[in-house]
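Visitor: I am new to reading protein structures, and I would like to be guided through this one slowly. Could we take helices and strands in turn?

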Amino acid sequence: MTEEIIIAGFGGQGVLSMGKILAYSGVMQDKEVSWMPSYGPEMRGGTANVSVIISDERISSPIINQFDTAIILNQQSLDKFEASVKPGGLLIYDPNGITHEPTRKDINIYKIAATAKAQELGISKVFNMVVLGGFLKLKPIVDKQYIHEGLEHSLPQRHWNLIPQNEEAIEIGKGLIECVQKL
Amino acid sequence: MNKDNEARRQELLKEGYEEVYTRTKVLTDAVMHYCPGCGHGTTHRIIAEVIDEMGIQDQVVGVSPVGCSVLAYNYFDVDFQEAAHGRAPALATAIKRLNPDTFVFTYQGDGDLAAIGTAETIHAANRGENITMIFVNNGIYGMTGGQMAPTTLVGMKSATTPYGRRVELNGYPLRMTELLSTLPGTYYVTRQSVQNPAAVRKAKAAIRKAFENQKLKKGLSFVEILSNCNSGWKMTPVAANKWMEDNMMPNYPIGDIKVDGKIAEGIDANRLVLDHPLTVMQ
Amino acid sequence: MARELKLMKGNEAIARAMIASGTDGYFGYPITPQSEVMETLMAEKPWETTGMVVLQAESEVASINMVYGGAATGKKVATSSSSPGISLMQEGLTYLAGAEIPCLVVNVMRGGPGLGTIQPSQSDYFQSVKGGGHGDYQLYTLAPASVQEMYDFVFDAWDIAFKYRNPVLILSDGAIGQCMEKLYTRDNVARWTEEERRANAPWGTWGKPATRPHNIITSLELDSARQEVFNLKLQKKYDEMKEKEVRYEALNCEDADYIIVAYGSSSRIAMKAMQMAREKGIKVGLFRLITLFPFPTKQLADIAKKVKGILCVEMSAGQMIEDVKLATQCGVKTEHFGRFGGIIPTPGEVLEALENKIIK
């Protein structure tokens with residue numbers, strides 16, 4: 001199993017930390033992982049993206065340009081990465097702020113209204129975990145118990161009291177994701 | 001001291017000679033390359049005497065610069081490092097921080113400390129590094145053949161200011177000692193000279209204080225020593241000392257500027273930051 | 001700290017390895033993409049645990065000279081920077097090499113020339129192994145290709161640095177520095193005691209006891225005859241490194257018709273390209289340089305004899321390729337493929353270059 005993922009959105013949406021929690025969960029499940037961020041001016045409020053690879057084998061290149069899954073959180077990222085999804089791959093997007101829907105016909109497309117849901121529930125801080133839940137519903141590549149360990153390792157100990165809230169958000173996401181186009 | 005010298009000394013003492021002056025053991029037997037009459041030799045000696053008198057020879061690490069005193073490590077019988085041009089305060093910073101029980105001193109000239117190494121000097125002082133910096137100012141690049149230094153006086157001739165230093169071309173003489181005294185990181189800042197016995201005694205007391213201060217861990221001690229550069233100035237040593245007193249000292253007044261972390265008594269704050277009296281040489 | 005499994009960035013791994021390997025001091029100046037090294041050290045506060053000194057200097061020029069001062073006392077002292085900062089350090093590096101001071105310098109490369117870009121690049125190869133500063137000197141140069149190697153090579157660096165009294169350079173790039181991967185940490189190695197320091201670095205300047213002559217650390221020798229003798233001694237040291245300290249990794253080279261030569265993050269991309277080629281039935285091997293100096297000349301030459309072509313992949317306009325051609329005496333078709341200015345080539349591009357430039 002090798003899953004190559006790009007997560008992209010605005011800086012501040014928790015793109016990098018979502019990738020980190022996913023990657024750390026993979027580490028806990030004894031998978032090979034890599035987490036490769038875009039860095040630079042993007043870090044300061046522009047677009048941010050991270051490629052995460054989770055695999056059963058040694059990972060060759062952490063830098064990739066074709067993805068099994070693209071998790072897209074804004075229009076710029078959709079414009080940039082829709083074409084990078086491998087044929088037959090998966091694109092997940094949050095419809096918040098999306099004015100041009102994805103147009104590919106050769107990939108699976110799902111949407112998750114995580115921004116709206118998180119605002120409604122007053123849990124905007126764990127918005128990214130709602131999105132992650134949606135992804136894990138479709139591709140359960142790491143088990144629930146390892147997600148818990150991944151959260152423990154990713155969050156400083158003083159924030160461990162927030163872990164249940166993060167886990168709840170993942171569960172909310174699992175129920176929220178809806179199919180747009182299935183091959 | 002080498003064996004022959006020591007044997008000769010013992011012989012003379014046996015013959016009834018009274019020993020009134022001897023070389024300090026903190027200097028090596030190496031023959032100094034400094035020009036006769038230059039202030040470096042005297043300054044070396046009084047530093048060595050201070051180290052000897054304090055009994056810290058086994059705890060001292062010195063840092064020599066690039067310039068006339070580049071070979072200072074050959075003359076002091078203490079552990080020594082030779083720095084790249086201007087970087088002595090950076091070396092000293094790390095030596096002291098990694099070896100807090102040592103006494104660390106830098107020995108630099110005006111080109112090294114006040115031109116190429118200005119950043120390292122100011123930042124070491126501003127961090128309040130617990131070291132002693134000795135700054136020998138002769139207003140010229142001696143080793144490379146008498147070019148203009150940042151401390152060259154206005155109107156003063158040098159190899160690169162053959163018609164005299166002009167403010168509009170070269171800016172003003174840089175008074176590092178006054179400048180450093182305004183930084184909270186410095187604990188003791190003084191300017192001394194070594195052209196006569198009285199001056200040497202005062203300079204030695206200042207260097208002693210600067211080394212003693214390392215025990216207090218309160219900041220950086222900075223001792224400027226005004227020196228002639230008789231060969232660079234193209235004068236006899238005697239004439240050079242007179243010239244130094246007449247021309248250098250009005251621009252670079254002798255005395256303590258900051259003592260125990262406070263601006264010294266009688267020092268007008270304006271002198272440090274605003275008023276910049278310059279003697280324009282004719 | 002015992003052996004643990006972590007997920008961490010390459011830059012953070014460097015910092016943690018410094019603490020774990022008993023490093024005595026770190027002096028640095030912020031520059032993207034390696035600022036996490038000092039940030040991690042400052043957050044970890046090793047001065048409270050191992051006693052390691054960490055200081056933010058006023059410039060890279062000051063940093064490298066602080067390394068000189070501290071390391072010349074016989075302690076393990078390190079710095080890190082990225083390309084423009086490393087350029088500023090070149091003066092210090094030649095002095096360190098000239099004074100034979102063991103130390104560690106990490107370069108997390110970014111694209112140049114000039115201020116360039118902050119994205120990954122490998123265009124400092126010449127600067128690293130062909131003498132970035134003046135004079136005939138070499139830095140023992142390690143090129144990590146993973147976060148684990150970023151960590152492990154810090155430990156290796158101290159062994160080599162003190163064995164040969166020579167500066168060691170870890171030449172990485174923004175991709176490995178910023179990438180997070182699995183990492184097994186090691187048990188902490190205690191910092192040297194005073195006795196160990198004196199035994200391991202008897203040449204150090206820490207205050208002359210009455211029992212020995214004063215130690216002098218300098219790179220100055222005004223007598224040309226003696227300076228020539230010193231240079232010969234340095235060359236002998238470098239020759240010994242060439243003989244004993246070469247490191248490389250040969251993957252699938254036994255049956256290969258073609259090989260890719262690469263180091264650092266390029267070698268990871270090349271590995272993927274190799275896998276893609278093998279899936280297409282093309283027998284491709286990967287020769288990964290681990291030491292750039294000493295260069296695995298003989299080992300590469302032996303493999304090169306058996307292949308039809310070599311593709312050199314590096315994120316530069318073609319620097320390492322010169323040493324590859326020297327190693328093989330241009331005996332086999334050798335071409336360069338690289339992206340530069342901060343662009344990372346994709347495995348697909350590498351495979352395409354292999355097919356178009358070498359196989360065709």
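Guide: Let us begin with a term: a crossing of two helices is left-handed if the near helix is turned anticlockwise from the far one by less than a right angle, and right-handed if clockwise. Helices (H or I, at least four residues) and strands (E, at least two) are DSSP runs, numbered from the N terminus. This is a predicted model, in which local features need pLDDT of at least 70 and side-chain atom pairs count only at pLDDT 80 or more, while totals for chains, interfaces and linings use all residues. Residues are numbered from 1 along each chain as its sequence is written, and chains are lettered from A and ligands numbered from 1 in the order in which they are written.

Visitor: In which hand does H3(A) pass H4(A)?
Guide: Helix H3 of chain A covers residues 114–121 and helix H4 of chain A covers residues 127–138, and their axes come within 9 Å. Axes are lines fitted to C-alpha atoms, for helices over the stretch in contact, and angles run from 0 to 180 degrees between N-to-C directions. By the rule given above, the crossing of H3(A) with H4(A) is right-handed.

Visitor: Which residues of H4(A) make the contact with H3(A)?
Guide: Two residues are in contact if their C-beta atoms, placed from the backbone, lie within 7 Å. On the side of H3(A) these are A:Ala114, A:Thr115, A:Lys117 and A:Ala118, and on the side of H4(A) they are A:Phe127, A:Val130 and A:Val131.

Visitor: How many residues does chain C give to its contact with chain B?
Guide: Chain B contributes 29 residues, and the largest share of that side, eight residues, comes from H4(B). From chain C, the contact takes 32 residues.

Visitor: Which residue stands opposite B:Gln81?
Guide: Two strands pair if DSSP finds at least two bridges between them. E2(B) and strand E9 of chain C, residues 216–217, pair in the parallel sense over two bridges. Within E9(C), the residue opposite B:Gln81 is C:Ile217.

Visitor: Which strands stand at the edges of the nine-strand sheet?
Guide: The sheet is open, with mixed pairing, and its order is E10(B)-E9(B)-E7(B)-E8(B)-E4(B)-E3(B)-E1(B)-E2(B)-E9(C). An edge strand has a single partner strand, so one side of it is left without a neighbour in the sheet, and this holds for E10 of chain B and E9 of chain C.

Visitor: What is the bridge partner of B:Thr106?
Guide: Strand E3 of chain B (residues 103–109) and strand E4 of chain B (residues 132–137) pair in the parallel sense over five bridges. In E4(B), the partner of B:Thr106 is B:Met133.
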